[in-house]
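Please keep the sequence and the 3D view open while going through the numbered points.

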Amino acid sequence: MARRRPMLSGVPETLLWTLYNRAYEAGQRYPVLDDPMALRLMEDLDYPFEERLGQPNAFHSQAQGLRSRCFDVAVQEYLADRPQATVVALGDGLETGFWRVDNGRLNWLSVELPEVAELRRALLPASGRLRTLSCSATDLSWLDEIEDPEGRGVVVTAQGLLMYLPPAEVRRILAACAERLPGGVLILDTMARWLARGTMAGTSKAGGMTIPPMRWAMNPGERHKLRTAHPAITEVRALRLPRGRGAMGELIRLQSLLPGLRTLTPAMTQLRFGYGSPH
């Protein structure tokens, strides 16, 4: 198969940075994330990764692998109780979560912008339980695509996405999910305010790529505010990074726990939606 050149810019191009880091980690002797498909994607893409994004960074690569693993673990915990649930991955990029967590019974809906959805269809294997929808996460019509007549459950993931949206749009997505997905959960990550300010000023770089403005930011201690988005949000729970590899992994784990350092990497949070508004 001829290598495919992705024509991406702005926020969509950041998926190549996360893939680059994930693949580098997957290539280690004892990776924190088992992701051979990421390595294959690197071979299938005609993109100047090192020239555009710089040399792989051991800290960022392992942290990226641990972030993806944290999402996987949260999804798998939900699937343990509801094995036929639907997973809706907003801004799925070239993530390979479907193959990493597939239990043979789940259904997966990948929601992506048209240019990224086209890449996913061209580069990733097809499955009867995987659909890719060309749609912005802010176009809430993707909620109409969720088929759950028997109440099998729904998990929504938003990895590396919501920070690029205006705060009002984030709140609207959270409220719509809480309203329409009773018994479901939403897993998201957030960036600290000081990191977001650098992107708004245009001074944050990943190699030669300027990181797009992060318009929504939240420090870890503020996650309780997410509950105000809708009364059906019954739980807001911090998710901890899994244990990493070696001294670098221990450093990542410690910085994610210590108040003075935990804003260096994204904070992961799970929202749970109740059946009707609590009284």
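**Notes on the sheet and its surroundings**

1. Val-185 stands opposite Arg-272 in strand E9, and this pair belongs to the pairing of E5 with E9, where six bridges join two strands that run antiparallel. Two strands are said to pair if DSSP finds at least two bridges between them. Helices (H or I, at least four residues) and strands (E, at least two) are DSSP runs, numbered from the N terminus.

2. Before going further, please note that this is a predicted model, in which local features need pLDDT of at least 70 and side-chain atom pairs count only at pLDDT 80 or more, while totals for chains, interfaces and linings use all residues. Residues are numbered from 1 along each chain as its sequence is written, and side-chain values use heavy atoms, with hydrogens and water left out.

3. The sheet as a whole is open and is formed by seven strands in the order E3-E2-E1-E4-E5-E9-E8, with mixed pairing. Its edge strands are E3 (130–134) and E8 (233–239), each of which pairs on one side only. From one strand to the next the twist averages 20°, where angles run from 0 to 180 degrees between N-to-C directions and axes are lines fitted to C-alpha atoms, for helices over the stretch in contact.

4. At the E3 end of the order, strand E2 (residues 107–112) pairs with E3 in the parallel sense over five bridges, and Ser-110 of this pairing stands opposite Thr-132 in E3. Helix H6 (residues 114–123) packs on the sheet here, touching E2 and E3, and its direction makes about 155° with that of E3.

5. Strand E4 deserves a careful look, because five of its five residues are buried and it is therefore largely enclosed by the rest of the structure; buried means under 20% relative accessible area, exposed over 50% and partly exposed in between, with a 1.4 Å probe and protein chains only. In a regular strand the side chains alternate between the two faces of the sheet. In E4, Val-154, Val-156 and Ala-158 point one way and Val-155 and Thr-157 the other way, all of them buried.

6. Strand E9 is mostly covered, since six of its seven residues are buried.

7. Helix H4 (residues 58–81) lies across strands E1 (86–90), E4 (154–158), E5 (185–190), E8 and E9 (267–273), and runs at about 170° to E5.

8. How do helices H1 and H4 meet, and at what angle do their axes cross? The axes of H1 (residues 14–26) and H4 come within 8 Å and cross at roughly 95°, which means that H1 is roughly perpendicular to H4, a term used for angles of 65 to 115 degrees, whereas angles under 35 count as roughly parallel, over 145 as roughly antiparallel and the rest as oblique. Among the residues making the contact are Trp-17, Asn-21 and Glu-25 of H1 and His-60, Ser-61 and Gln-62 of H4; contact means heavy atoms within 4.5 Å.

9. The relative accessible area of Glu-222 is 12%, and its side chain makes a polar contact with the side chain of Arg-193 (2.9 Å).

Terms used
A polar contact is a pair of N or O atoms within 3.5 Å; within protein, one must be able to donate a hydrogen and the other to accept it, and residues adjacent in sequence count only if both atoms are side-chain atoms.
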